[in-house]
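Thank you for making time for this at the group meeting.

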Amino acid sequence: GAPAVQWEPGLDGLAWRSIEREYWETTLEEWKQRGAAEQVDGLALRAVDRALVEQAQLGRMEQLREEMCSERPSVEDFLARSFGVCLVDEKQDTLAGWCLSEDNCDDRCEVGIEIVEEYQRRGLGTLLAQALCQEAFAQRGIRRVGWHCLAANVASGATAQRAGLRLAKRYAGAVVLLRG
């Protein structure tokens, strides 16, 4: 089995453990040397915009709205200050995945991405991340796109690399255990 997690004692009854993280990034200058993202049959690449979020009948729309509000106080605020792309399975009338800008600050943003389980392992994360970078650099004035993940999440790092980002650094993070 898996080794037991070792928690370190902390203040006020909290415990913590260290985790290794990775930071991947690409810049506008690096991106100019890349090709465009490819399309996937049966899936439409769409902007996450007002027209999309008003399609209440679209499957998994509530999950996308929740994700839009994970970094912003409302869907309206997301639409005004962030951006994203998604893949729509036109036959099923449902979302297959999305990639949203997060932590937008000046000429930088981070990647937030989710691929619905039944659509995973088909290269869709790569396509979505490339489309988000293209939007960021071509339309949004972004000059640097970043991607944080756990070092143990090999699939996430591999997707970042296939999408054209490079490993910039590894760093220590922490998980805190709240005891109630």
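Predicted model: local features only at pLDDT ≥ 70, side-chain atom pairs only at ≥ 80, totals over all residues.

Is Arg72 buried or exposed? Its relative accessibility is 12%, and because anything under 20% counts as buried, Arg72 is placed in the buried group. Its side chain makes a polar contact with the side chain of Ser82, at 2.9 Å, and a polar atom of that Arg72 side chain also lies 3.4 Å from the backbone oxygen of Arg81. If we leave aside residues up to four places away in sequence, Arg72 touches Asp77, Phe78, Arg81, Ser82 and Asn104.

Let me turn to the aromatic rings. A pair of such rings is described by how far apart the centres are and by the angle of the planes. The structure holds 1 aromatic pair, formed by Trp31 and Phe137, which is tilted, with 5.9 Å centre to centre and 45 degrees between the planes. Trp31 lies in helix α1, residues 28–31, and Phe137 in helix α5, residues 124–139, so the pair ties together parts that are 106 residues apart in sequence. Trp31 counts as buried at 5% relative accessibility, and Phe137 is buried as well, with a relative accessible area of 9%. Elsewhere, the charged end of Lys169 sits over the ring of Tyr171, 5.8 Å from the centre of that ring.

Next comes the largest pocket, whose volume is about 560 Å³. It is lined by 26 residues, and those closest to its centre are Ile113, Trp147, Ala155, Ser156 and Thr159. Which element gives the largest share of this lining? That is β6, with 6 residues, while β5, β6, α5, β7 and α6 each supply at least two.

Finally, stepping back to the whole chain, we find 6 helices and 8 strands, and 41% of the 180 residues count as buried. Among contacts in the chain with a separation of 6 or more, 68% are between residues 24 or more positions apart.

Notes. Residues numbered from 1 in each chain as written. Heavy atoms only, no water. Buried < 20%, exposed > 50% of the residue type's maximum accessible area, 1.4 Å probe, protein only. Polar contact = N/O pair within 3.5 Å; in protein donor to acceptor, adjacent residues only side chain to side chain. Contact = heavy atoms within 4.5 Å. Phe/Tyr/Trp six-rings, centres within 6.5 Å; stacked < 30°, edge-to-face > 60°. Helix = DSSP H or I, 4+ residues; strand = E, 2+ residues; numbered from the N terminus. Lys NZ or Arg CZ within 6 Å of the ring centre and 35° of its normal. 1 Å grid on protein atoms, 1.4 Å probe; cavity = no way out; pocket = protein on both sides within 12 Å on 5 of 7 lines; lining within 4 Å. Points joined across faces, edges and corners; volume = space filled by probe spheres on them.
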